[in-house]
Amino acid sequence: MSTVFDCRDQNELLAGMRNARAAIARGELIVIPTDTVYGIAADAFSPAAVQRLLDAKGRGREMPPPVLVASQQMVAALVESIPDAVQKLIDAFWPGGLTIVLPAQPSLTWDLGETKGTVAVRMPDRRVALELLAETGPLAVSSANLTGRDAAIIASDAKRMLGDSVAVYLEEGYVERGIPSTIVDATSLVEAGEGQTPLVRILRDGVITREQLEEVLGDLLEPAEKPGDVEPDAGDAEAVSAEPGGDPVDQE
């Protein structure tokens, strides 16, 4: 049976954090509040736990979850490198609603799904999430909902969809916005070949606007599509193309 802890109560917050840490250590799933939507979380370095997360949502390995971190030091351990332009994005928008896709550190022994060597990373702007991440390390976190359903903006909504597939629910009331993070692909800043122009591409619009990104990136931001361009069919509203190969990542 899963347990719900109301983190607005100090006693329940302490008990909830303790139980959430223990659940992650056992390879189980938890639901946590973030600054965008509620997320379903698993140990990013446990392939069995990540698969349990995908199964709970009813999705396949072709939609790997993003990874949430508590610090820039955690990011440096997960990615191949942090280009100057990405550092500017981190300085401007973290903690906050920007997910950045970069080539993953090749030495990592993990399995998030069919990532083609990339990882989508974000630092959430929520105290409960950051304190938990500081103790557990990086967590694979997807929006807390069944595939094709709206992302939960309160833990009780997540529990109605996910039930006992989640061990611990951390409730902290409604999230402020309920709008998912903006996702950008910065892999070309690391991997651009000779004759290629490195650009940052917006994969999904979210709480960070194109105008905000332009202020930081300038000409490094890929231009918006012109009127009349054909938009690709996204299918599941949570799926966006994350890598040059066109594979999707999940929403958070």
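Guide: One cut-off comes first: a residue counts as exposed over 50% relative accessible area and as buried under 20%. The model is a predicted one.

Visitor: Is Lys116 buried or exposed?

Guide: Lys116 sits in the loop between S5 and strand S6 (118–122). Its relative accessible area is 56%. Exposed means over 50%, so Lys116 is exposed.

Visitor: What is the phi of Lys116?

Guide: Most residues other than glycine have a negative phi. Lys116 is a residue other than glycine, yet its phi is positive, with a value near 50°.

Visitor: How many helices and strands does the protein have, and what share of its residues is buried?

Guide: The secondary structure comprises 8 helices and 12 strands. The protein has 252 residues, and the buried share of them is 53%.

Visitor: What is the mean pLDDT, and where is the pLDDT below 50?

Guide: The mean pLDDT of the protein is 90, and 89% of the residues reach 70 or more.

Visitor: At what angle do H1 and H5 pack, and which term describes H1 relative to H5?

Guide: Helix H1 (residues 10–25) and helix H5 (residues 127–136) have axes 11 Å apart and pack at an angle of about 40°. Angles under 35 degrees count as roughly parallel and those from 65 to 115 as roughly perpendicular.

Visitor: Which residues of H1 and H5 make the contact?

Guide: H1 passes H5 in a right-handed crossing. On the H5 side the contact is made by Arg127, Val128, Glu131, Leu132, Glu135 and Thr136. On the H1 side it is made by Leu13, Met17, Ala20, Arg21 and Ile24.

Visitor: Which term describes H4 relative to H8?

Guide: The axes of H4 and helix H8 (residues 210–217) come within 9 Å and cross at roughly 130°. Roughly perpendicular ends at 115 and roughly antiparallel needs over 145, so H4 is oblique to H8.

Visitor: What is the handedness of the crossing between H4 and H8?

Guide: In H4, the residues that meet H8 are Ala85, Lys88, Leu89, Ala92 and Phe93. Their counterparts in H8 are Gln212, Leu213, Val216 and Leu217. The crossing of H4 past H8 is right-handed.

Visitor: Where is the peptide bond that is cis?

Guide: Most peptide bonds are trans. Pro95 is in the loop between helix H4 (84–93) and strand S5 (98–103). With omega near -5°, the cis bond runs from Trp94 to Pro95.

Visitor: Is Ala44 buried or exposed?

Guide: Ala44 lies in the loop between strand S3 (38–43) and helix H2 (47–57). Beyond four places in sequence, it touches Val50, Val67, Trp110, Leu112, Pro138, Leu139 and Ala140. Its relative accessible area is 1%, so Ala44 is buried.

Visitor: How far apart in space are Leu29 and Val50?

Guide: Leu29 is in the loop between H1 and strand S2 (30–33), and is buried at 1% relative accessible area. Among the residues it touches beyond four places in sequence are Ile40, Leu53 and Val166. Leu29 and Val50 are 21 residues apart in sequence, and their C-alpha atoms are separated by 8.8 Å.

Visitor: Which residues is Gly27 in contact with, beyond four places in sequence?

Guide: Gly27 is also in the loop between H1 and S2. It counts as buried, at 9% relative accessibility. Its contacts beyond four places in sequence are with Ala49 and Arg52.

Visitor: Is Asp150 buried or exposed?

Guide: Asp150 is in the loop between strand S7 (139–143) and helix H6 (155–162). Leaving aside neighbours within four places in sequence, Asp150 is in contact with Asn145 and Met161. Its relative accessible area is 69%, so Asp150 is exposed.

Note on methods
Residues numbered from 1 in each chain as written. Predicted model: local features only at pLDDT ≥ 70, side-chain atom pairs only at ≥ 80, totals over all residues. Heavy atoms only, no water. Helix = DSSP H or I, 4+ residues; strand = E, 2+ residues; numbered from the N terminus. Buried < 20%, exposed > 50% of the residue type's maximum accessible area, 1.4 Å probe, protein only. pLDDT = per-residue confidence, 0-100. Axes fitted to C-alpha atoms, helices over the stretch in contact; angles between N-to-C directions. Left-handed = near helix turned anticlockwise from the far one by under 90°. Contact = heavy atoms within 4.5 Å.
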